[in-house]
Amino acid sequence: MSIRIDADLGVHVRALELRMQRSEILAANLANEDTPGFQARDIDFAAEMRRLELEDRKSLAGGEAPQLLFRVPAQPSQDGNTVELAVEQAEFSRNAMDFQTSLTFLSMKFRGLKQAIEGR
Amino acid sequence: MSFESIYRIAGSAMSAQTVRLNTVASNLANADSAADSPDRVYQARKPVFAAVYNNESLNAGTNFVGARVQLLDVVSSGREPQRRYEPGNPQADRDGYVYYPDINVIEEMTDMMSASRSFETSVEVLNRVKSMQQGLLRLGES
């Protein structure tokens, strides 16, 4: 029986990639905080993960871009901009933390594989 | 799709906010610059921002895009100058009037605070992304 690294790393590679894409969207929201008429975007992380999982199980060709949704502002501003700084900042740092979490999981997986290879 | 585009987005936001701070500084500095006729008065300047979407991702047929900030233009406010009677002013016209730009100092100060906060936000984004990338580079070590 051989070790299949792809299968062993599991869902974390996909999660890491999605986190990275989400951080770009949130960075764009933060950058356009003062752009009139800019509408904040985001993705539904859980739904995207489910879609990726489904693609994996059916071994479909992936690479489809995540579906961008619009953020609904709590207090719409006069110039049509829907970026709320506090919300976006919170989401961005949560996303960064989750990215670190996925990284930690991945490095734990690597450590486990290394131990299995070295037989210790 | 990589960290590179995030750097580009944050960088564009920082340069846009710098231009905004620049206009604020110019407006505040010239708030008391008098002139001898209404059409020679300093006009307050305002930047106009627009979101610009990444062309490559549009060409690739995906709807997945992060928007950068583009500085469309710097426009003058077009407000009426204030006329004041100051016969002692060397710039006064024949009737003893000078013209001052209609700059609201409080408005400019709040604009300045907003610009510097947005700039700091971009710096924070850059720092976060940097630590994300460093974490990714260290993956598999130890």
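Student: In what order do the elements of chain B run from the N terminus on?
Tutor: Keep in mind that this is a predicted model. The elements of chain B come in the order α-β-α-β-β-β-α. That makes three helices and four strands for chain B.

Student: And is chain B compact or spread out?
Tutor: Chain B is more spread out than a compact globule, because its radius of gyration is 22 Å, well over the 14 Å that the globule rule gives for 142 residues. Its C-alpha trace spans about 80 × 35 × 20 Å along the principal axes.

Student: How much of chain B is buried?
Tutor: Buried residues account for 34% of its 142 residues. Chain B exposes about 8,200 Å², and carbon and sulfur atoms supply 50% of that area.

Student: What about its charges, how far apart are the mean positions of the positive and negative ones?
Tutor: They are 5 Å apart, with 14 positive and 17 negative charges in chain B.

Student: OK, over to chain A. What pattern does that one follow?
Tutor: Along the sequence, chain A reads α-α-β-α-β-α, so to its shape next: the radius of gyration of chain A is 18 Å, well over the 14 Å that the globule rule gives for 120 residues, so chain A is also more spread out than a compact globule. The C-alpha trace of chain A spans about 65 × 30 × 20 Å along its principal axes.

Student: What share of chain A counts as buried?
Tutor: 44% of the 120 residues of chain A count as buried. The accessible surface of chain A is about 7,000 Å², with 54% of it belonging to carbon and sulfur atoms.

Student: In chain A, what share of contacts between residues at least 6 apart in sequence join residues at least 24 apart?
Tutor: For chain A that share is 76%.

Student: Which of its residues are buried?
Tutor: Among them are Leu85(A), Glu88(A), Phe92(A), Ala96(A), Phe99(A), Leu103(A) and Leu106(A). As background, an α-helix has 3.6 residues a turn, so residues three or four places apart point the same way.

Student: What do the buried residues of α4(A) pack against?
Tutor: They pack against helices from both chains: α1 (5-9) and α2 (12-31) of chain A, together with α1 (3-29) and α3 (105-137) of chain B.

Student: And what comes just after α4(A)?
Tutor: There you find Gly119(A), which takes a positive phi of about 70°.

Student: Back to chain B. Is Asn27(B) buried or exposed?
Tutor: Asn27(B) is buried, with a relative accessible area of 0%. This residue sits in helix α1 of chain B.

Student: Which residues does Asn27(B) touch?
Tutor: Leaving aside residues up to four places away in sequence, Asn27(B) touches Tyr42(B), Ala44(B), Arg45(B), Lys46(B), Ile103(B) and Glu108(B).

Student: Last one: where is Ser116(B) found?
Tutor: Ser116(B) is in helix α3 of chain B, and at 28% relative accessibility it counts as partly exposed. Ser116(B) and Gln17(B) are 99 residues apart in sequence, yet 7.3 Å apart in space, C-alpha to C-alpha.

How values were computed
Residues numbered from 1 in each chain as written. Chains lettered and ligands numbered in written order. Predicted model: local features only at pLDDT ≥ 70, side-chain atom pairs only at ≥ 80, totals over all residues. Heavy atoms only, no water. Helix = DSSP H or I, 4+ residues; strand = E, 2+ residues; numbered from the N terminus. Rg over C-alpha atoms; globule rule 2.2 N^0.38 Å. Buried < 20%, exposed > 50% of the residue type's maximum accessible area, 1.4 Å probe, protein only. Areas by Shrake-Rupley, 256 points an atom, 1.4 Å probe, with all protein chains shown as cover. Lys, Arg positive; Asp, Glu negative; His and termini not counted. Charge placed at Lys NZ, Arg CZ, Asp CG, Glu CD. Contact = heavy atoms within 4.5 Å.
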